[in-house]
Amino acid sequence: MRRNNYFELIWYKGIADLHAEAARAYVGFIWWILEPLLYMAAFYVAFGMGLRGPGGGVVALSLLCGLVPWKWFSSSVQNGSGTIQANSGLIMQVYLPKYVLPGMVMVTNGIKFLIILGLLMLAMAVAHGVALAWLALPVVVLVEMLLALALSTLAAAIVPLLPDLDLVISNGLIVMMFMSGIFSDVDRLPPALAHLLALNPMVHVIRAFRTVLLGKQWPDWLALGGVMLFSLVVYGLALLLMKRYDRIYPKLLVG
Amino acid sequence: MSGETIIELKNVGVRYRRKAGFMRSNAFWALHDVSFNLKHGETLGVIGRNGAGKSTLLRLLAGILAPDRGVVVSHTDRVSLLALQAGFIPALTGRENAVLSGILLGMKRADVEARMDEMVRFAELEQFIDEPVRTYSSGMRARLGFTVAFQADPDVLLVDEVLGTGDAGFKEKSSAAMREKIASDKTVVIVTHQAETVRELCDRVVWVEKGVTVEIGEPETVVEHYLESIKSGSRRP
């Protein structure tokens, strides 16, 4: 199999998984919209309601600016961590370089995210109007995509070696979620704490979405550049790991 | 080109780990010590009883697994299993599955799509190709799976056990197609426990028992020894 074919495979399989998901459910692709709506509604009820009063609408939109990108990130890492296991039948039949598997997860989740982001932008446009700064959105999306792909691939590479880590990752994601500035503005925290939270790359991604969509300002390019650099390093590391264990993963799935 | 060594196995062993209780695992050697050469254009049979390590050997040749000891020297990267129904997703249509499976087996999407009509005709699925595969009978699935896998044309084709699949009529047709491919100067490895298949189709035979190569040579001789060992019930190491 030639290399360029793998990209075709990632793309086609990612789309096919999306189709399959829709074909299985009764209302099909409506779920791609409904599921995140329910998810966001749950958080809105839990956290948003208490904050209502004057400016309640802004709080809700601000919450969405955090939840939408977070959902994409966390489901990518979560799905990535199980992807070698989930495709065990396949990788026993056909040789595939394992990095294609989290790539497929990326395509499936990325398309779902773009649909929701479109809805969010529509809501923003209706409520506050559009702004020139929205032109920065593709860059912010790209940065998050790299970050999600990197951590998803890293999780995919490690979990088959240490299956117990799967639980650590799902709980780690919950902790990380509360430290991502979804529910509170990180800038209003005491400086010492804010510095600590700044180590979490999702803090910068979510802040960028909020700055661009809600604040109508250009994002902090330097911070985004930092996240991008971090993602590239992590992705490189994950690819090395995958290469090292490429023909060993199938054996781990047998035992 | 003919007669050149394409893949070389030297004292190869493969070990699986099995979980055995809390924080413990046992090593299990599916292959201990296997050596042989695969030459360009030949049809090599691998014969042995169930549990001899034949499937592991195929995965090793296909590059799916790495050996834990010994070396595999391969002069091609286009080696693949005749993987039936690889990556099939029941919720998708036959057409989508054919494309997906084809790409997985190394074909280009455009090539699969270009050959689609021909494939549909061969698989006799004209009326069903746009229906979800979950509505197919197992015979229909087997027909589609074989047809797609047969289209992928690797340098070295690895075949597990049976040549033909599907219902009686299609079995004959698919088996004939396979025989034709084997008779051409394609390099093929057939793994089986059926002495007949080997005698009929192979140029050379490797006999593997309990993960060790017992004998390599002419089909007539090796198969005879293999059958004798089965009859006497003894298992040579």
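Q: What do Met119(B), Phe122(B) and Ala123(B) in α4(B) meet in α5(B)?
A: They meet Arg143(B), Leu144(B), Thr147(B), Val148(B) and Gln151(B) in α5(B). By class, this contact of α4(B) with α5(B) has 5 nonpolar, 2 polar and 1 charged residues. Residues are in contact if their C-beta atoms, placed from the backbone, lie within 7 Å. Ala, Val, Leu, Ile, Met, Phe, Trp, Tyr, Cys and Pro count as nonpolar, Asp, Glu, Lys and Arg as charged, and the others, Gly among them, as polar. This is a predicted model, in which local features need pLDDT of at least 70 and side-chain atom pairs count only at pLDDT 80 or more, while totals for chains, interfaces and linings use all residues. Residues are numbered from 1 along each chain as its sequence is written, and chains are lettered from A and ligands numbered from 1 in the order in which they are written.

Q: Why is α4(B) called oblique to α5(B)?
A: Helix α4 (residues 116-123) and helix α5 (residues 138-151) of chain B pack at an angle of about 135°, with their axes 9 Å apart. That angle makes α4(B) oblique to α5(B). Angles under 35 degrees count as roughly parallel, over 145 as roughly antiparallel, 65 to 115 as roughly perpendicular, and the rest as oblique. The crossing of these two helices is right-handed.

Q: What makes α7(A) and α10(A) roughly antiparallel?
A: The axes of helix α7 (residues 137-158) and helix α10 (residues 201-213) of chain A come within 10 Å and cross at roughly 160°. The two helices are therefore roughly antiparallel to each other. Leu137(A), Val140(A), Val143(A), Glu144(A) and Leu147(A) of α7(A) make the contact with Pro201(A), Val205(A), Ala208(A), Phe209(A) and Val212(A) of α10(A). Sorted by class, this contact has 9 nonpolar, no polar and 1 charged residues.

Q: Why is α7(A) called roughly parallel to α11(A)?
A: α7(A) packs against helix α11 (residues 221-245) of chain A at an angle of about 30°, with the axes 8 Å apart. That angle makes α7(A) roughly parallel to α11(A). The contact includes Val139(A), Leu146(A) and Ile158(A) of α7(A), and Leu224(A), Tyr235(A) and Met242(A) of α11(A). Its residues divide into 22 nonpolar, 2 polar and no charged.

Q: How do you know that β8(B) and β9(B) pair?
A: Strand β8 (residues 204-209) and strand β9 (residues 212-217) of chain B pair in the antiparallel sense over 5 bridges. Two strands pair if DSSP finds at least two bridges between them, so β8(B) and β9(B) qualify. One bridge joins Val208(B) to its partner in β9(B), Thr213(B). The two strands form a hairpin with 2 residues between them, and Lys210(B) in the turn has a positive phi of about 50°.

Q: Which element gives the most to the side of chain B that touches chain A?
A: Across the two chains, 29 residues of chain B are in contact with 23 residues of chain A. In chain B, β1 (5-19), β5 (79-81) and α2 (94-104) each supply at least two residues of that side. α2(B) gives the most, with 5 residues. By class, the side has 17 nonpolar, 5 polar and 7 charged residues.

Q: What is the mean pLDDT of chain B?
A: The mean pLDDT (the predictor's confidence in each residue, from 0 to 100) of chain B is 88, and 96% of its residues reach 70 or more. For the complex, the predictor gives an ipTM of 0.85 and a pTM of 0.89.

Terms used:
Helices (H or I, at least four residues) and strands (E, at least two) are DSSP runs, numbered from the N terminus. Axes are lines fitted to C-alpha atoms, for helices over the stretch in contact, and angles run from 0 to 180 degrees between N-to-C directions. A crossing is left-handed if the near helix is turned anticlockwise from the far one by less than a right angle, and right-handed if clockwise.
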